[in-house]
Amino acid sequence: MAEPVTESPEIRVETPEPAKDVDGSRPGQKRAREPIFQLADVTVSYGEKRAVREVTFDIAKHEITALIGPSGCGKSTLIRCLNRMNDLIPSARVEGKVVYHGQDLYGPDVDAVEVRKRIGMVFQKPNPFPKSIYDNIAFGPRVLGMKGEMDEIVERALRHAAVWDEVKDRLKTNAFGMSGGQQQRLCIARCLAVEPDVILMDEPCSALDPISTGKIEDLMIDLKREYSIVIVTHNMQQAARVSDKTAFFTVELDEDEKNRTGRVVEFDDTEKIFTNPTDPRTEAYVTGKVG
Ligand code: ADP
């Protein structure tokens, strides 16, 4: 049904204003965005072994935050803390505070299943269900009993994930018939279908070719208008291209010199991390001197 017309159709001449960013600030005007996550002294261990320790930084709303650093420094471990995926690993233990929208994410009355609905995750390897494209998207909304016309929910999610035009004529075919890049966008669509607040992406492009990677990167930049995104990537160009903030992790020998544990060396605006980092270890890593 057409919207009722509430304004007269006369032509108004307005002085154009400079475009506003999603936080309402003007270009060139920096404003600290509202934090969605606040991490304070977060340490994650598997059994006796600490994988990553004393992580403290805020993750802002409507930004893309990249976690970078050499293999084994705890990036995946940390991102899994943000939607309590580590709960599914029996030996994993999370210490410190993970605050989400002002609430302790690990508080006793927090439902981990609800958390994973609000904070969706996309993995390294696309993992569609062995079902039709349509049913992959409809699965979550059905399980959650979401209201609304299912065809519309499915179309909206696929459009949002920039894959609709490529699949709209074969929605009832098996998702395994899609290319890797399409499968990954399907997984993003599946995540969007349950209307999350945050999307976590753990190396989402590492199994994809450069063209599919470019599509996912464009999609991420589009999605941050509505969602907050955290991405683990080993691809520094990708972090530099898409993210607003970057946390650089490294692995260090503990004081007892027996174990190696991941730590954050530097967290800052991505531009600063890549052009003028404070710590020489960050500089060595981003310039490719070590890795
Ligand atoms: P990254 O993502 O930076 O490569 P990970 O978070 O995967 O790092 O790993 C950090 C450390 O934690 C590594 O030493 C790894 O072996 C260990 N680790 C990761 N997952 C598990 C697990 N499920 N059980 C035990 N140790 C793990």
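Which residue with a positive phi follows H6? In this predicted model, H6 is followed by glutamate 195, whose phi is positive, near 55°.

Helix H6 itself covers residues 180–193. Its 14 residues reach 20 Å from the first C-alpha to the last, close to the 20 Å expected at 1.5 Å a residue. Of these 14 residues, 13 are buried, so H6 is largely enclosed by the rest of the structure.

Two packed helices are described by the angle between their axes and the distance between the axes. For H6 and helix H7 (residues 210–223), the axes come within 9 Å and cross at roughly 20°. Because angles under 35 degrees count as roughly parallel, H6 is roughly parallel to H7. The crossing of H6 and H7 is right-handed.

Positive phi values also occur elsewhere. Glutamate 54, not a glycine, has a phi of about 50°. Glutamate 54 sits in strand E2 (residues 49–60) and is partly exposed, with 16 other C-beta atoms within 10 Å. Histidine 101, also not a glycine, has a positive phi of about 50°. Its place is the loop between strand E4 (92–100) and strand E5 (103–104). With 14 other C-beta atoms within 10 Å, histidine 101 is partly exposed.

Turn now to the ligand. The residues around it are Tyr46, Ala51, Ser71, Gly72, Cys73, Gly74, Lys75, Ser76, Thr77, Ile89, Ser91 and Gly262. Helix H1 (residues 75–81) supplies the largest share of this shell, three residues. By type, the shell residues divide into seven polar, four nonpolar and one charged.

Technical notes. Residues numbered from 1 in each chain as written. Predicted model: local features only at pLDDT ≥ 70, side-chain atom pairs only at ≥ 80, totals over all residues. Near = placed C-beta within 6 Å. Helix = DSSP H or I, 4+ residues; strand = E, 2+ residues; numbered from the N terminus. Nonpolar A, V, L, I, M, F, W, Y, C, P; charged D, E, K, R; others polar. Expected span 1.5 Å × (residues − 1). Buried ≥ 20, exposed ≤ 12 C-beta atoms within 10 Å, placed from the backbone. Axes fitted to C-alpha atoms, helices over the stretch in contact; angles between N-to-C directions. Parallel < 35°, antiparallel > 145°, perpendicular 65-115°, else oblique. Left-handed = near helix turned anticlockwise from the far one by under 90°.
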